[in-house]
Amino acid sequence: MDTNTDNAGMDYITARLATEGSPALAFGGDYNPEQWPEETWDEDVRLMREAGVNLVSVGIFSWSLLEPSEGVYDFGWLDRILDLLHANGIRVDLANATASPPPWFSHKYPQSLPVTADGVRHSYGSRQAFAASSPDYRRAAAALTEQIAARYKDHPAVVMWHIHNEYGCHNQPDFSDGAAAGFRRWLERRYGGLEDLNAAWGTAFWSQRYSAWDEILPPRTSGTWVNPTQQLDFARYSSDELLECYKAEAAIIRSHSGHPVTTNFMGFNMGLHQPVDYWRWSEEMDVVSNDHYLISEDPRNFQELAATADLTRGWANGKPWLLMEHSTSAVNWQPRNIAKAPGEMLRNSLQHVARGADGALFFQWRASRAGAEKFHSGMLPHAGTDTKVWREVVQLGRALRSLAEVSGSVVTGASGRVDVAILHDTDARWGSELDSHPSIDSSNIAETRRWHDAFYRAGIPTDFRRSTDDLSGYRLVVAPMQYLLSDAGVANLAGYAQSGGHLVVSYFSGIVDENDHIRLGSYPGAFSKLLGVQMEEFFPLRAGESVRLSSFGTGTCWQELGKAAGAEVLAAVTEGPAAGSPAVTRHRTGSGRAYYVATSLAPAGMAELLDVVCSDSAVQPLLTGLPADVEVARRSKNGTDWTFFINHGAGEARLDVNGVDLLSGDDTGGALTLAAGGVAVVRSQTSIH
Ligand code: GAL
C-alpha cells in the first residue's frame, strides 16, 4: 500500500465498501463484541444491516482476551465474529490490539509501566499503561501483531488495519530511567556532541552545563522551571518514541498484507495526553484517521469541529480522510456530559464529510453495560431501538448512502481551490505552551481558533499547513502565534510574501528559533523587517482587560510598545502605556504584503480586518448573502460540486441555490428552504459558481 505521499488508502477503502461497483462512504464504529454474550451478536449484525453499517473496528482493547497468558493465544471468538460480519457483508478495520497490555503483562514486567515527572510509577487497571521505551512492551506488542496479521491477512472481511489506539491518550508521558536512556540516545542523534547540546539548551543559564551524557535526565519535577529546551526536546522525543512503536507494528502488518494501515489521531490533542506531532506521524499513514468529540458546553463547538476537520485534512495533504470516532450523543469524560439535541448528530457527521471525511464512524456500536464508559453514548443505546439515537443512526446511514458520489472529492473554495492557509506548526504550539512566558493568557490554540472562526463566520474555507510547506498556491496565509519557527520556516514565509503572497502574522510569532532561543533585535525577531515594524516591549493586558484601538475595535490579552518602520499603521493603541504603538500594520514587501496584528482582536474587529486582507488578496467567500447561522462548505471532483449547507440556527433559512439536494432527492428549483438545524447537500456543475 502506498503511504501518505499520494494518500490512496482512503480510495482503497471506499472502493472495498462499494455497493454495485460504486465507492461508498464508510459508516459504522468501534465494535466490542467481547463485552457481550455471543447470543447478542446476531442481533448486532442484524441491526448493523438495518442501519446500513459497512465498516466496524474490531479488537482494539482485546489483548487480555486474545493472549490470556504469555504466548498463549485464543482467537476463537475473533474468528467467529469476523466470519459473522463477513457473512453479513460488513467490512472490518482490524486492530492489532496493542493499546492496552493485559494485567499478566504489567504484573510480570512492572518496569514497562510509565513513571510520572514526580517519580511515581503508574499502576495498571485502566488502559494504555505502558512506557513506549520499554523493550518488554515492544517485544510483546510485536509478537501479538505478528499473530494477528498472519492469521487474518487473508480474511475476506478485513479491509484495513487499525494499529493501537489514539497513541498518547491516557498514556502517561514517561519519565522513567528507561525513558532517560531513550532520551539520551535521541539527543545524541540530534546533537552529536555534548557541546552542541549545551549550546542548544542554553545551559550557561543557572549553571546547568552537562559534562557527561549520563547526567542528562528527562525534565523531571525540580524546584522551579526546568530548562525549556530540555522540555521541548523531551516532547519531541516522546512523540518520536511512540512513533517508533507504531512504525514497528505497521512494518509487521505490511510484511503480511497490502490493506491500508492507520492509527487514529486526536485532533488538536488537548488535555492530559502525551505530545504527538501528527504532521510527522501522518507521513507514516496509508489513511489519515481522526477521532473528534464535541466539548458539549462550548457554545461554538461546531466551529471547533470544523477547525479540527480542516486540520485533519491538512495532515492528509488535502485528500479525503476517515472520521474514525465521534459520538452519537453524550460522552462520559467531560464535567457535564450534555446529550446531543435532536438533529445535532447528523449535522456533526455531515460537517466532517463536508470538510473531507470519506466516512463517519463512531465510538461505539453498542453502548457498554460495564466499565468506565458505560455512560458514553453508542449507536445502539441502552434503551434499544425505539429511541432518538437509533432513529438518527438509521437516518445517518441513509444520508451517507445518498452522498456516496462525494467520495474521493476534495474540498474547494470560491476560486476552485482553497485560497487561505492557517499555519499550525507543532513545535510552535509546544513552544508557546512552555512556562515563564509574558502572559498566561496567550494561547496558540485559542488564537488559532479565533482566526479560523473569523474565516468560518465569513464563509471562507481554510486549510491548515506548516510554515515549511509549499504555500505558493494560497492567496492568503495566516500565522497565528507561531511563536517558534525554524530558519527554514522563516525563509519560506518571507519568500512567500515577497513573491506576491499575503502573509498575516499575529503577536508572539517568530519570537524564538527551534532551540527556543530569542531571535534578537526588534520583535518579532524573525519578521520585524518583513513586517516593517520595530516592537520593543510586550505589554500583556490584565485578566479581562481590553485596550481601545484606533480601528478594528478593541484588543485583549496582548499589546506591544513599538513603532512602524516602513509599515502602514492600520490601527494604533489609543490608551495606556503603549498608546501610539501600532496594533495592526500592513507592509509592502517584494510583490506581496505582510500584516502584523500585535493584539488579540475581538470577533467584530477580526471581521473588519478580514475584509481588508481578503480584499487585498482577492479572497472571496464561497457564497454571499447566506444567513449567519448557515455553514457552507464545498467538495468538488471532475467538474461536479457538492455544496453542504448546515443550519446551526434556531430559525428556518431560505437560500438561493440551484441543483439537486442529495439528502431529500429534490431539485431546489433555485430556492432552498433549510429547516432550523437542517442540512442539505446540493450537487451542481462547477461552471455554475
Ligand atoms: C476515545 C477512545 C475510545 C473511547 C472514546 C470515548 O478517545 O479512542 O476508545 O474511549 O474516546 O469518547
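Q: From which domains does the shell around the ligand draw at least three residues each?
A: Domain bounds come from an automatic or database domain assignment. Here the shell takes at least three residues from domain 1 (1-17 + 54-282) and at least three from domain 2 (288-408). This is a predicted model, in which local features need pLDDT of at least 70, side-chain atom pairs count only at pLDDT 80 or more, and totals for chains, interfaces and linings use all residues. Residues are numbered from 1 along each chain as its sequence is written, and side-chain values use heavy atoms, with hydrogens and water left out.

Q: Which residues surround the ligand?
A: A residue is near a molecule if one of its heavy atoms lies within 4 Å of it. In this model the ligand is surrounded by Phe61, Arg127, Asn165, Glu166, Asp291, Tyr293, Glu325, Trp333, Phe363, Glu373 and His376.

Q: How do the residues of that shell divide into nonpolar, polar and charged?
A: Ala, Val, Leu, Ile, Met, Phe, Trp, Tyr, Cys and Pro count as nonpolar; Asp, Glu, Lys and Arg count as charged; the others, Gly among them, count as polar. The shell has 4 nonpolar, 2 polar and 5 charged residues.

Q: Which polar side-chain atom lies 2.8 Å from an oxygen atom of the ligand?
A: A polar contact is a pair of N or O atoms within 3.5 Å; within protein, one must be able to donate a hydrogen and the other to accept it, and residues adjacent in sequence count only if both atoms are side-chain atoms. Asn165 places a polar side-chain atom 2.8 Å from a ligand oxygen. Glu325 has a side-chain N or O atom 2.8 Å from an oxygen atom of the ligand. For His376, the distance from a side-chain N or O atom to a ligand oxygen is 2.7 Å. The protein covers 95% of the 310 Å² of accessible area that the ligand has on its own. Such areas come from the Shrake-Rupley method with a 1.4 Å probe; for residues, only the protein chains shown count as cover.

Q: What volume does the second largest pocket have?
A: Work on a 1 Å grid over the protein atoms alone. A cavity is a set of points where a 1.4 Å probe fits but cannot get out; a pocket is an open set with protein on both sides within 12 Å along at least five of seven lines; lining residues have an atom within 4 Å of a point. Grid points are joined across faces, edges and corners, and a volume is the space filled by probe spheres set on the points. The second largest pocket comes to about 920 Å³. Its lining has 35 residues, and Ala235, His273, Pro275, Trp430 and Glu433 lie nearest its centre.

Q: Where does the second largest pocket lie?
A: Domain 1 (1-17 + 54-282) and domain 3 (420-617) both give residues to its lining, so the pocket lies between them. Helices (H or I, at least four residues) and strands (E, at least two) are DSSP runs, numbered from the N terminus. Helix 9 gives the most to this lining, with 5 residues. By class, the lining has 19 nonpolar, 12 polar and 4 charged residues.

Q: How many cavities of 30 Å³ or more does the structure hold?
A: There are 2. Of its 14 lining residues, Ala132, Asp174, Tyr237, Glu241 and Gln274 lie nearest its centre. Helix 9 gives the most to this lining, with 4 residues. The second largest cavity has a volume of about 40 Å³. Its lining includes Tyr293, His326 and Lys340.

Q: Which peptide bond is cis, with omega near -5°?
A: Most residues other than glycine have a negative phi, and most peptide bonds are trans. The bond from Phe363 to Gln364 is cis, with omega near -5°. Gln364 is in the loop between strand 9 (357-362) and helix 13 (388-402). Tyr523 and Pro524 are also joined by a cis peptide bond, with omega about -15°.

Q: Where is Cys557 found?
A: Cys557 lies in the loop between strand 17 (554-556) and strand 18 (560-564). Phi of Cys557 is near 70°, a positive value in a residue other than glycine.
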